[in-house]
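Open the model in your viewer and start with everything displayed.

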Amino acid sequence: MSERDAEVLADFDTRRAAAIEMAAGASDAAALEALTQALSGRILPFEAGYDPSGDWRCRFLKLGGDPALTVYGWFSCRIFDDAAGWALHKTTGSQRSLGRLYRLTEERLLYLGALHYAHDAPIRFGDNPSRNQMAVLFRLDDGRLRLEFPEPVAESAFDILELAPLTGAALSAEE
């Protein structure tokens, strides 16, 4: 991580609050309801024995851009342990992501990854700084995970990738 990354991470809670305030001004009632749902849930610790490995439904919510709030449809994500630790891969959609998870605190994991496009091979954090992604992962009491990006690559002031357990529900045609 660079000095700038460390500064952004140190300012995480302030950036998050400002972006939520900007998004609250959105006129799209369905998007606001999706944001409320994504932000719901009590945060749980990543305790010993917890294993998020597997397939997940995931969707991006972009806060603080133009428009103030954008909610995308559901895509596919996978969390896996490659013997070096957990990694997260958004596997469908035109914009994809692959990165590694590191412990910050009992309740926060750090994600360092990189954006790649569907037609490109995945890259790693640091390979192309303009595509670096840094986020904080939270575990929620309803089985979901929430990955929050305090300085996304483009289009918004703050991104949330909501991960919901895969329950056999069909993904959107956008995948």
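**From fold to rings**

Begin with contacts. This is a predicted model. Among contacts in the protein with a separation of 6 or more, 52% join residues 24 or more positions apart.

Now colour by secondary structure. From the N terminus, the order is α-α-α-β-β-β-β-β-β-β-β-β-β. The radius of gyration is 15 Å, close to the 16 Å of the globule rule for 175 residues, so the protein is as compact as a globular protein of that length. Switch to the C-alpha trace: along its principal axes it spans about 45 × 40 × 35 Å.

The protein exposes about 8700 Å², and carbon and sulfur atoms supply 50% of it. Buried residues account for 43% of the 175. Select the charges next: 18 side chains are positive and 27 negative. The centres of the two sets lie 3 Å apart.

Hide the surface and show the aromatic rings. The structure has six aromatic pairs. Select F46 and Y50: their ring centres are 5.9 Å apart and their planes meet at 65°, so this pair is edge-to-face. Y50 sits in the loop between β1 (43–44) and β2 (54–63), and W86 in strand β5 (residues 86–90), so the pair ties together parts 36 residues apart in sequence.

Y50 is buried at 18%, and W86 is buried at 19%.

Last stop: select F12, F138 and F158, which form one aromatic cluster.

Technical notes
Residues are numbered from 1 along each chain as its sequence is written. This is a predicted model: local features need pLDDT of at least 70, side-chain atom pairs count only at pLDDT 80 or more; totals for chains, interfaces and linings use all residues. Side-chain values use heavy atoms; hydrogens and water are left out. Helices (H or I, at least four residues) and strands (E, at least two) are DSSP runs, numbered from the N terminus. The radius of gyration is taken over C-alpha atoms; the globule rule is 2.2 Å times the number of residues to the power 0.38. Buried means under 20% relative accessible area, exposed over 50%, partly exposed in between (1.4 Å probe, protein chains only). Contact means heavy atoms within 4.5 Å. Accessible areas come from the Shrake-Rupley method with a 1.4 Å probe; for residues, only the protein chains shown count as cover. Lys and Arg count as positive and Asp and Glu as negative; His and the chain ends are not counted. The place of a charge is taken as NZ of Lys, CZ of Arg, CG of Asp or CD of Glu. Rings of Phe, Tyr and Trp (its six-membered ring) pair if their centres lie within 6.5 Å; planes under 30 degrees apart count as stacked, over 60 as edge-to-face and the rest as tilted.
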